[in-house]
Amino acid sequence: MRKNIVAGNWKMNLDYEQGISLFSEMVNMIQDEVHGNQQIIICSPFIHLPALVKLSASADQVAIGAQNINQNQKGAFTGEISAEQVKSTGAQYVILGHSERRAYFGETDELLAQKVDAALGHDLRPIFCIGETKEERESGDYFEVIKSQLSNGLFHLDAKAFQEIVLAYEPVWAIGTGLTASPEQAQEVHAFIRKTLAEQYGQDVADNTSILYGGSANPGNAQSLFSQPDIDGGLIGGASLKSRDFQEIINVFNAQ
Ligand code: PEP
């Protein structure tokens, strides 16, 4: 059965002490609140990873992730961090394909396919983001965009490897903008993604894949989004920096 996942993306926020203090505030509360089929993932800047892994050691349902890796194994890539290095901190996940990295760092589907392989090669589970821009939505081409991001970034994987992937549908026009996809808009795309996975890998794999929604999710809209049949949780940016908001989003699952 697929897991319900609430993942926080801290982006490039919080200095070392602020990150430790926010996580310490969250972790006990999270562990007390989560249900058996729920997974909470905090994707922090690299600097926090080892400390967060230690702080979450006794919280079974809390895992830690990074927000990027380099596609290469090791070597002369000044300033970069490899999958192996992230894994050595004890982190278990990595966000790949976030629209900010696609837009500001020129990350293409082809590069992302290499990063996916690097992650899986070191036992790191990718949270792979896909989503259309405002123009692509308005032109009506968004299904094509989603399909090609899936196919170019991920469909080189066989079914066994694909089962390590968590997907996040993040319409670019909704990220950090305060605009949220309506539950119907999000559900339409999530159902399309699941259908596309079923065509590629079979219904079992499609049914077992967690597909998260991301884009200005907050305590006020989480219930209507997460109650959709194909939405299995959220990738939360801004609201993951406020422990009360993040807690309220997690609690939505408990109320369902
Ligand atoms: C994100 O960056 O993945 C995200 C969903 O951000 P926000 O929740 O702030 O829109």
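## Around the ligand

By class, four nonpolar, eight polar and two charged residues make up the shell around the ligand. Here Ala, Val, Leu, Ile, Met, Phe, Trp, Tyr, Cys and Pro count as nonpolar, Asp, Glu, Lys and Arg as charged, and the others, Gly among them, as polar. This is a predicted model, in which local features need pLDDT of at least 70 and side-chain atom pairs count only at pLDDT 80 or more, while totals for chains, interfaces and linings use all residues. Residues are numbered from 1 along each chain as its sequence is written, and side-chain values use heavy atoms, with hydrogens and water left out.

The ligand is surrounded by 14 residues, each with a heavy atom within 4 Å of it. The closest are Lys 11, His 98, Glu 170, Gly 176 and Ser 216.

## Contacts with oxygen atoms

Let's look at some polar contacts (pairs of N or O atoms within 3.5 Å). A backbone N or O atom of Ser 216 sits 2.7 Å from an oxygen atom of the ligand, and for a backbone N or O atom of Gly 237 the distance to a ligand oxygen is 2.9 Å. Asn 9 brings a polar side-chain atom to 3.5 Å from an oxygen atom of the ligand. Taken alone, the ligand exposes 300 Å², and the protein buries 95% of that (Shrake-Rupley method, 1.4 Å probe).

## Aromatic pairs

Six aromatic pairs are counted (ring centres of Phe, Tyr or Trp, the last by its six-membered ring, within 6.5 Å). Phe 143 and Phe 192 form a tilted pair, 4.5 Å centre to centre with 40° between the planes; planes under 30 degrees apart would count as stacked and over 60 as edge-to-face.

Methods. Polar contact = N/O pair within 3.5 Å; in protein donor to acceptor, adjacent residues only side chain to side chain.
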